[in-house]
Amino acid sequence: MKDSGGWISKESIFQMVCLLALALPLLLLFTLIAGTFADGWDRLSWSFLTGAPSRRAASAGLLPAFVGTIMLMFLTTLMAVPVGIGAAIYLEEYARPSRLTSFIELNISNLAGVPSIIYGLLGLELFVRVMHFGRSLMAGAATLALLLLPMVVISSREALRTVPHSMREACYALGGDKWRSIRRVVLPMSLPGILTGIILSVARAVGETAPLVTIGALSFVTFVPTSVWSDFSAMPIQIFNWVSRPQAEFHANAAAGVIVLLSVMLVLNAVAIWLRIRLGRRLQ
Amino acid sequence: MPVSEAAVQLDQARPISERLIKYVLFACGAISIATTAGIIFVLLFETIAFFRRVSFGQFFLDTQWTPLFADKHFGIWPLVAGTFLTSGIAIVTAVPLGLLAALYLSEYAKAGLRRVLKPMLEILAGIPTVVYGYFALMMVTPFLQHLVPGLSGFNALGAGLVMGVMILPIIASLSEDAIYSVPANLREAAYALGATKLSTTFQVVLPSAFSGIGAAVILGISRALGETMIVAIAAGQQPVFTLDPRVPIETMTAYIVQVSLGDTPNGTLEYQTIFAVGSLLFAFTFLLNIVAHRLRKRMAGGA
Amino acid sequence: MRRVFITVLPVLVMLSLAACGQPEKKEESTGPALSGVIKVAGSSTVFLISEAVAEEFQKAEKGVQVTVGEGGTGGGFKKFCAAETDISDASRPISPSEVELCAKNQIEYVELPVAYDGLAVVVNPKNDWAKHITTAELKKMWEPEAQGRITKWSQVRVGWPTRDLHLYGAGVDSGTYDYFTEAINGKAKASRGDYTSSEDDNVLVQGIAKDETALGFFGLAYFEASKDKLSLVPVDDGKDDNGKGPIAPTAETVKDGTYQPLSRPLFIYVNKKAFDRPEVVAFVKYYLSHGADLVKEVKYIPLPEKAYELAQKRADAKKTGSLFGGKGSQVGVRIEQLLESEQSDAGK
C-alpha cells in the first residue's frame, strides 16, 4: 500500500473528512440537547412532575401526561408482547418454509417500514370509529401495539436464533415434545434477548406522537386517566402542545418535558443493556 | 427454518394440545397479515369514497390544495412538493455524511473505537421525533435566520436539516453493513495491483457495495417521506406548490395531523381527504421499501 | 444535585404512581361533593376562557373531571350535535346546518353568551409599513378572488413595498374564520385558500411572530398573550358614525361598539339534557358567575354584569334555541339588547 507521498496525504485528509462526517451530527445533537437542558432545567421541579397542565405556564405540570405514558406503555406491552413472541416462536420453531411463511415474513418486514402516521389512520378508522373505543387509552394502546408488533417479532426471532440447536435436540432426546422444549429450554435461554427487544420497543413507543395525535389524543387533560376508556394525554403529546404555544414560558415547559422524556428513554435503554449483561451472564 | 429429524417424527405424532398450541402461535403470526390487510382496506375504503366525489384529474393535475375552502381545489401537488422538498433536503444532508461516516467505521476505525462510535450513531435514531421537532423550531431555525435573510419561522430548510440528522444512522448503518461485506479478496487484489487505499475505496469497494448502499439510501428516503412530527412542528401548514426552502410549506403527513387536530367526524369529505393523502403516502413508502428489499437481497446473494 | 435526583426519579415515581390510585381529596365546597366527567370542545378562541374556568372549577370540585378540546367552532358543533360533548365552545352563533344536525339527532341546546372579542388584525413587529388598514384592503387580501393573484403587499395598497404577502388565518372549522369572512368578505366561509390556516391560533401567533411579511387575524386574547412579539393593526371601517378613522380593539372600543366590524360575542352551547346532571349545572353556574373575572384575565372583554345575570336566567330556565334565530353570525350585534328583549318578550 503506497502512499502518494507528502506530509499530509490525500489518504489522511480523506480519513479526517470521514471522521468529521461522523462527528458532526453527534456534536450537533450534543449541542441541541445541551441547549434544551439550559432552557428547561429551571422548570424542572417536584411541582412540575406532579402538577397538571395549566393555562399559566409557571404552574403547568407534567403529571397527567406522565401517568398517561406509563399506562399507555403498560397496556401496549400487554397487547403486543404475547402476540409478538408467539409469532416469533411460530416462525422460528414451527413453520416450514412455504409460500405462506414467506408471505408472513414479507408482511412483517413491510410493516416495520410503514410510517407511523399510517398506523394512526388505521387506529382512527378501526379502533376509534368502527370498534367505538372512542379517543381512549385503549384505542391509543391498541394502535401502538400494532405499530410495535413487527419490531417485537423481529427482535424476538433474533433472540430465539441464538439458542443452539443442540439444546433443542437434547430436550427431544430426553423425550420432550416441541412445546415442552420451547417452554423449558428455548424460551428461558432466549429470555435476555427477548426482554431487551421488548424494552427497546417500549422505549421507541414512549416517543411516538403521530399515531396518538391522529386518533385524537390532544386535548386539555388536567386529570390522571382513571380507566382504559378515559381520555388521556401522553408526554410527547404534551410536549407537542407546549411547543405549539407561542409564549416563551411554555417553551421552557416543553424543554423540561423533553428532558424528562429523554431521561425515561435513557433509563429504559440502560435497563435493557443491564438486563442483557446480567441475564446473559447467569445463563452461561 | 431448521427442523430436525426427531422433531418431524414428533410432529406427526402430536397430541391435540400440541396442535392447538401450533394454531394459536400461527394466529399470532397471521395477525401481521391481518394488519397489512387492515391498513390497505381502511385506506382503500375511504379513498374510494373520496374519489367518488373528486375526480382523478382534480387530484393529480391541479396545483392548488384547498379542499376545505369555499373555492375547492384538490390538487395534491402542493403537499407532494412539500414532502419531497423536506425529504430532499434531508437526503442531501444525510447521504454524503452517512456514507463518509460508514466508510470511517468500516475502513479506518479500529475495533475499539468502532464499538463505541457505532452505538452512539444509533442514539441519533432513537431520539423521539417530537424532540427533533422541538430542536428544529426552537434552535435550528432561529440560528439559520441569522444566515439566510428572509427565512420564515416555519420553513423546509430547518426541518429538512434536522430530518437529515435523524435518518443519518439508517444510511450509515446499512451502508456500513454493505461495505463491510465486500469480500476481502477484492480489496487485496486491488492493493496487489498497487492501488492506494483511497482509490481502492472509490473504485472497488463502493461500486461492489452499490446495491447495499442503494438500499440504505432508499430506506432513508422512505423514512423521510413518512416523517411527521418534525415537519408538523417546524415546516409549516401552508400548502404551496413551491421548491423554495425558505417559506412555510405543508407536507402530506403534516396535513393529516392538521386535520386530525381538528376533530373531523366520520363520512365528511374532510375525513376522506386524510385517507386519500395517506394512501398516496403509503403507496410511495411501500414501493420504496420493496425496491430496497430487492436490493438488499441482491447484496446478500452475491456482492 | 437535587435536580439531578429529580431527573432520575421518574422511574421510581412511575412505579409508585402506578401502584396507588388517585385519592379523592374533599375540599370545602358548598353542598355534597360532585363527581362526573364534563366534555367541552370547539372554538380555539373560546378555549382560553373554558380552559381557565375548567382549571379553577376543578380546583373547587375535585371529583369532577373536565376535558376541554379545540378544533374549531364547526368541529365542536359536529361533535356536540352527535352527543359526543356536553358543552360546545363557539366564537359565532350556531348556523342553520348545525341547527338541522342537532334537530336530526334530537339534541337541544341552550345558548349562553360569555364574552366579547375584538378580532385582532396582526402583523410582525418589523413591519413598518402597515400602520393601519381599511376593511376594503382586508377584503382585497382575503376574498376568494385573491387566491393565487394577490401575493404582494404592493398589490393591496399603492405605496406598500413589493414584498411577499404571507397570510395566516383561522381554518375552515373555526368560528373565527366564519365571522371574519362574513364581516370582511360579506359571506361566511368565502375566502381564498392559499394561506397558512390552522384551527390552533398558537400556530398563527408563532408564524406571524417569526415572519416579517406576515399578516393574520385571531381573537384579541391571543394577541394580548404575545404582544411583545406582534404588532396590532387598527382597522378603519370607513363608517364615521361609529368611530372615525382606524380603531384598535381594546376593552373600551369593543364594549362601546366603535371597533367594527370585527367585534363579536363568544358563546358556550350546553346540551339541554346535560343540565340534568348536577355537576354540569354547577359548572355552568361557575362559568357565568366567575366569567367576568376569568374573561378579563385571559384578556377578552367581559359582558356587562347584567348580561351574565340574564344568561344565568336562560340557563336556569334551560331556554333552548338561539338568540340569532339559528341564522349564524350577524355583524354588529349587542348581546345585552338581545338578552333584554328576550326577557321582556318572555314577560309579555
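Reader: Hi! Let's start with B:T141. Which helix of chain B is B:T141 found in?

Author: Hello! B:T141 sits in helix α6 of chain B, which covers residues 129–147. Keep in mind that this is a predicted model.

Reader: Thanks. Is B:T141 buried or exposed?

Author: B:T141 is buried, as its relative accessible area is 1%. The cut-off for calling a residue buried is under 20%.

Reader: And what is B:T141 in contact with, leaving aside its neighbours within four places in sequence?

Author: With those set aside, the contacts of B:T141 are B:A136, B:L151, B:S152, B:G153, B:N155 and B:G158.

Reader: Nice. Staying with chain B, how is it divided into domains?

Author: Domain 1 of chain B runs over 3–52 and domain 2 of chain B over 77–302. Their C-alpha centres are 32 Å apart. Eight residues from domain 1 of chain B and ten residues from domain 2 of chain B make up the contact.

Reader: What area is buried between domain 1 and domain 2 of chain B?

Author: About 780 Å², and carbon and sulfur atoms give 77% of that. On the side of domain 1 of chain B, B:L43, B:E46 and B:F50 supply 65% of the area buried against domain 2 of chain B, which is more than any other three residues.

Reader: How many salt bridges and polar contacts are found across that interface of chain B?

Author: The rule finds zero salt bridges between domain 1 and domain 2 of chain B. For polar contact, there are two residue pairs across this interface, both at pLDDT 80 or more. The side of domain 1 of chain B that touches domain 2 of chain B has six nonpolar residues, one polar and one charged.

Reader: OK, over to the chain interfaces. How many residues of chain B and chain A are in contact?

Author: The contact takes 83 residues from chain B and 83 residues from chain A. The area buried between chain B and chain A is about 7,300 Å², with 77% of it from carbon and sulfur atoms.

Reader: What about chain C and chain A, how many residues are in contact?

Author: There, 35 residues of chain C are in contact with 33 residues of chain A. Chain C and chain A bury about 3,000 Å² between them, 60% of it on carbon and sulfur atoms. The elements giving two or more residues to the side of chain C include α1 (2–8), α2 (10–19) and α3 (44–60) of chain C. Of the elements on that side, α3(C) gives the most, with seven residues. The residues on that side of chain C divide into 16 nonpolar, nine polar and ten charged.

Reader: How many salt bridges between chain C and chain A?

Author: Zero salt bridges are counted between chain C and chain A.

Reader: Then how many does the whole structure have?

Author: Over all chains, the search finds 25 salt bridges. One of the pairs is A:E105 with A:R157, where the closest N and O atoms are 2.9 Å apart. A:E105 lies in helix α4 (residues 99–112) of chain A and A:R157 in helix α6 (residues 137–161) of chain A, so this pair ties together parts that are 52 residues apart in sequence.

Reader: Buried or exposed, for those two?

Author: A:E105 counts as partly exposed at 26% relative accessibility, while A:R157 counts as buried at 11%.

Reader: Where does the C:K126 and C:E212 salt bridge sit?

Author: The side chains of C:K126 and C:E212 meet at 3.8 Å, N to O. C:K126 is in the loop between β5 (120–123) and β6 (133–134) of chain C, and C:E212 is in the loop between α8 and β9 (214–218) of chain C, 86 residues apart. C:K126 is exposed, with a relative accessible area of 59%, and C:E212 is partly exposed at 32%.

How values were computed. Residues are numbered from 1 along each chain as its sequence is written. Chains are lettered from A and ligands numbered from 1 in the order in which they are written. This is a predicted model: local features need pLDDT of at least 70, side-chain atom pairs count only at pLDDT 80 or more; totals for chains, interfaces and linings use all residues. Side-chain values use heavy atoms; hydrogens and water are left out. Contact means heavy atoms within 4.5 Å. Buried area is the accessible area (1.4 Å probe) that two parts lose on being put together, summed over both. A salt bridge is a side-chain nitrogen of Lys or Arg within 4 Å of a carboxyl oxygen of Asp or Glu. Helices (H or I, at least four residues) and strands (E, at least two) are DSSP runs, numbered from the N terminus. Ala, Val, Leu, Ile, Met, Phe, Trp, Tyr, Cys and Pro count as nonpolar, Asp, Glu, Lys and Arg as charged, and the others, Gly among them, as polar. Domain bounds come from an automatic or database domain assignment. A polar contact is a pair of N or O atoms within 3.5 Å; within protein, one must be able to donate a hydrogen and the other to accept it, and residues adjacent in sequence count only if both atoms are side-chain atoms. Buried means under 20% relative accessible area, exposed over 50%, partly exposed in between (1.4 Å probe, protein chains only).
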